[in-house]
Amino acid sequence: MRSIELFAGAGGLGIGVANAGFEHAAVVEWDRWACDTLAENMPWPVRQADVRDVSYEALGQIDLVSGGPPCQPFSLGGKHNANLDGRDMFPQAIRAVRELRPKAFVFENVKGLTRDTFENYLSYIRLQLRHPEVTARPDEAWIDHLGRLEKHETSGSRAGLHYNVVHRLLNAASHNESPLLIPAWVRVGGDRRPRGAPRLRNGGAGQSGEGSGVVPGRHPAELWCGRRRRGCRRHARGNHHAAPACDQSQRETHRRKGLLTGSVQIDRQRYLISR
């Protein structure tokens with residue numbers, strides 16, 4: 001299976017994709033130092049380029065498009081300008097999907113994109129990825145394009161290229177912010193997931209950000225009570241890691257008291273992070 005990695009950075013997502021069995025047909029990154037790092041450490045066809053200038057015509061059949069568009073337009077620590085920020089590269093991610101027509105794609109970004117402020121824009125991104133061939137007209141405002149996409153979605157029309165698109169908020173063991181994952185696979189008829197498409201499982205309270213959605217080979221992140229002797233009866237005795245996770249009401253109480261820790265299993269190793 002062949003893939004292309006966009007916004008590769010130091011190659012974290014690219015390594016995961018390669019470990020999943022994909023062969024990178026191209027790895028695109030604009031930063032010279034990141035490209036040097038990749039070229040020094042990975043046997044990949046690294047291309048230092050601005051993704052806006054990249055042509056995909058010579059790549060042939062691509063099964064997966066993956067990448068992490070710049071997060072600064074949506075990050076909690078940024079200016080929150082979304083599409084008004086010149087670093088918003090989701091239009092280029094969508095262009096890659098439209099031109100390459102992969103069987104599946106995976107894009108990741110920051111938790112900030114899921115804020116109420118960006119609710120319409122996140123919906124706009126999702127609908128563009130779902131119907132990549134319904135493109136914006138010249139000089140059409142994005143909010144007007146969103147309206148057309150919503151009409152197309154609710155009309156039931158499935159003409160042309162379209163994908164099943166979901167997004168999940170995941171816990172990250174070594175990061176302060178939870179990443180947003182947007183995987184999808186091409187819909188080939190009916191509602192069934194095609195063979196080989198990524199399978200998502202809900203690992204808990206994913207909608208509120210404490211749980212996770214996972215891809216094959218990954219264990220779901222779970223919440224555990226950090227107090228053994230008081231607070232949670234389920235964890236009052238013995239090893240609290242062996243106890244079931246708190247229910248929603250208990251989590252709310254323990255969150256206010258600062259008692260929660262996040263736990264994620266990777267390759268049978270457990271890493272604990274303070275929440």
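Me: How many bridges join β1 to β4, and what makes them count as paired strands?

Reply: This is a predicted model, in which local features need pLDDT of at least 70 and side-chain atom pairs count only at pLDDT 80 or more, while totals for chains, interfaces and linings use all residues. Residues are numbered from 1 along each chain as its sequence is written, and side-chain values use heavy atoms, with hydrogens and water left out. Strands are DSSP runs of E with at least two residues, helices are runs of H or I with at least four, and both are numbered from the N terminus. Two strands pair if DSSP finds at least two bridges between them; β1 and β4 run parallel and are joined by 4 bridges, so they meet that definition. Within this pairing, I4 stands opposite V65 in β4.

Me: What does β4 pair with over 4 bridges in the parallel sense?

Reply: That partner is β5, where F105 is the bridge partner of V65.

Me: Which way do the residues of β4 point, and are they buried or exposed?

Reply: From β4 (residues 64–67), L64 and S66 point one way, V65 and G67 point the other way, and all are buried. Buried means under 20% relative accessible area, exposed means over 50%, and partly exposed lies in between, using a 1.4 Å probe and protein chains only.

Me: What makes a group of residues a nonpolar core, and which residues have the most contacts inside the largest one?

Reply: A nonpolar core is a set of buried Ala, Val, Leu, Ile, Met, Phe, Trp, Tyr and Cys residues joined through side-chain atoms within 4.5 Å. The largest has 38 residues, and those with the most contacts inside it are I4, L6, Y56 and V65. Among the elements that give two or more residues to this core are β1, β5 and α5. A second, separate core of 5 residues includes F22, L64, A104 and V106.

Me: What is I4 in contact with, leaving aside its neighbours within four places in sequence?

Reply: Contact means heavy atoms within 4.5 Å, and the residues in contact with I4 include A26, Y56, L59, V65 and L100.

Me: How do you know that the span of α5 is close to the expected one?

Reply: The expected span of a helix is 1.5 Å times one less than its number of residues. Helix α5 (residues 142–155) has 14 residues, and its reach of 20 Å from first C-alpha to last is close to the 20 Å expected.

Me: Why are the buried residues of α5 said to line one face?

Reply: The buried residues of α5 are H145, L146, L149 and H152. Seen down the axis, they fall within an arc of 125°, so they line one face of the helix; the arc is that of the directions from the helix axis to the C-beta atoms. What covers them includes α4 (119–130), whereas K151, T154 and S155, on the other side of α5, are exposed.

Me: What is said about the phi of F7?

Reply: Phi of F7 is near 50°, a positive value in a residue other than glycine. Most residues other than glycine have a negative phi.
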